[in-house]
Amino acid sequence: MNAERDRTAKILLVEDNETIRNAFAILLEDSGYLIEQAGSGAEAMDKVAAEKPDLVLMDLGLPDGSGLEITRKLKANPETRDTRVVAVTGRTLETDRAACMKAGCVGFLSKPINTQELLRRIPEFLGDGG
Ligand code: MN
């Protein structure tokens, strides 16, 4: 069975550093993805509800709280619980990774993000295999 999507995947970038966020927005748009952006947890909640992204790249350090807490809220809401979330953090201990997976994330990326790894793994994060 062909796992290729029949439409362009929409990715929500949640990152409070605007410079980093814009850089990854350009990278991912150039790779053919539709990009939405949020700079805070509150904005992330709004954008997930409004835009229904296929994937959320969730910075865990946000000005209004933890991205993990936002992830738990998304997972607790039947409307948003199926949203695929990948945690992005500079904290790379195995316990940090375990906490992300326990919160319901489908993956974990260490900061600084390796762009090649990101592009290679997005299909996996989207559940498209690869
Ligand atoms: Mn941050």
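Before we start, one definition: buried means under 20% relative accessible area, exposed means over 50%, and partly exposed is in between, with a 1.4 Å probe and protein chains only. Take lysine 52 as the test case: at 56% relative accessibility, lysine 52 counts as exposed.

Now the ground rules. This is a predicted model, where local features need pLDDT of at least 70, side-chain atom pairs count only at pLDDT 80 or more, and totals for chains, interfaces and linings use all residues. Residues are numbered from 1 along each chain as its sequence is written, and side-chain values use heavy atoms, with hydrogens and water left out.

One more term. Helices (H or I, at least four residues) and strands (E, at least two) are DSSP runs, numbered from the N terminus.

Let's begin with the sheet. Five strands form an open sheet, in the order E2-E1-E3-E6-E7, and the pairing is parallel. Here two strands pair if DSSP finds at least two bridges between them. The edges are strand E2 (34–38) and strand E7 (107–110), each with a single partner strand, so one side of each is left without a neighbour in the sheet. On average, neighbouring strands of this sheet are turned by 20 degrees against each other, direction ignored. Those angles use axes that are lines fitted to C-alpha atoms, for helices over the stretch in contact; angles between N-to-C directions run from 0 to 180 degrees.

Now look at E3. Four bridges join E1 to E3. Five bridges join E3 to E6. Both pairs run parallel. For landmarks, valine 14 stands opposite methionine 58 in E3. Methionine 58 also stands opposite alanine 87 in E6. And valine 56 stands opposite valine 85 in E6.

How many of the five residues of E3 are buried? Five of five. In a regular strand the side chains alternate between the two faces of the sheet. In E3, Leu55, Leu57 and Asp59 sit on one side, Val56 and Met58 on the other, and all are buried.

What lies across these strands? H1 lies across E1, E2 and E3, at about 170 degrees to E2. H2 lies across E1, E2 and E3 as well, at about 145 degrees to E2.

On to the metal. Which residues are the protein donors of the manganese ion? Asp16 (OD), Asp59 (OD) and Gly61 (O), lying 2.1 to 2.2 Å from it. Donors are N, O and S atoms within 2.8 Å of the metal (3.2 Å for Na, K and Ca); water is not among the atoms, so sites may look incomplete. Along the chain, the donors follow the spacing D-x42-D-x1-G. The two aspartates link distant parts of the chain, 43 residues apart: aspartate 16 is in the loop between strand E1 (10–14) and helix H1 (18–30), and aspartate 59 is in strand E3 (residues 55–59). Aspartate 16 counts as partly exposed because its relative accessibility is 37%. Aspartate 59 is at 4%, so it counts as buried.

Next, helix H3, residues 67–76. Gly67, Leu68, Ile70, Thr71 and Leu74 are buried there. They cover an arc of only 155 degrees around the axis, which puts them on the same side of H3. That arc is taken from the directions from the helix axis to the C-beta atoms. What covers these buried residues? Among the covering elements are helix H2 (41–51), E3, strand E6 (84–89) and helix H4 (94–103). Contact there means heavy atoms within 4.5 Å.

At the N-terminal end of H3, serine 66 is the cap: a side-chain oxygen lies 2.9 Å from the backbone nitrogen of leucine 68. A polar contact is a pair of N or O atoms within 3.5 Å; within protein, one must be able to donate a hydrogen and the other to accept it, and residues adjacent in sequence count only if both atoms are side-chain atoms.

Now the loop between H2 and E3. Aspartate 54 is placed there. It is buried, with a relative accessible area of 14%. A polar atom of the aspartate 54 side chain lies 2.7 Å from the backbone nitrogen of lysine 10. Lysine 52 lies in that loop too. Its phi is near 45 degrees, a positive value in a residue other than glycine.

Most residues other than glycine have a negative phi, and most peptide bonds are trans. The bond from lysine 111 to proline 112 is cis, with omega near -5 degrees. Proline 112 is in the loop between E7 and helix H5 (115–125).
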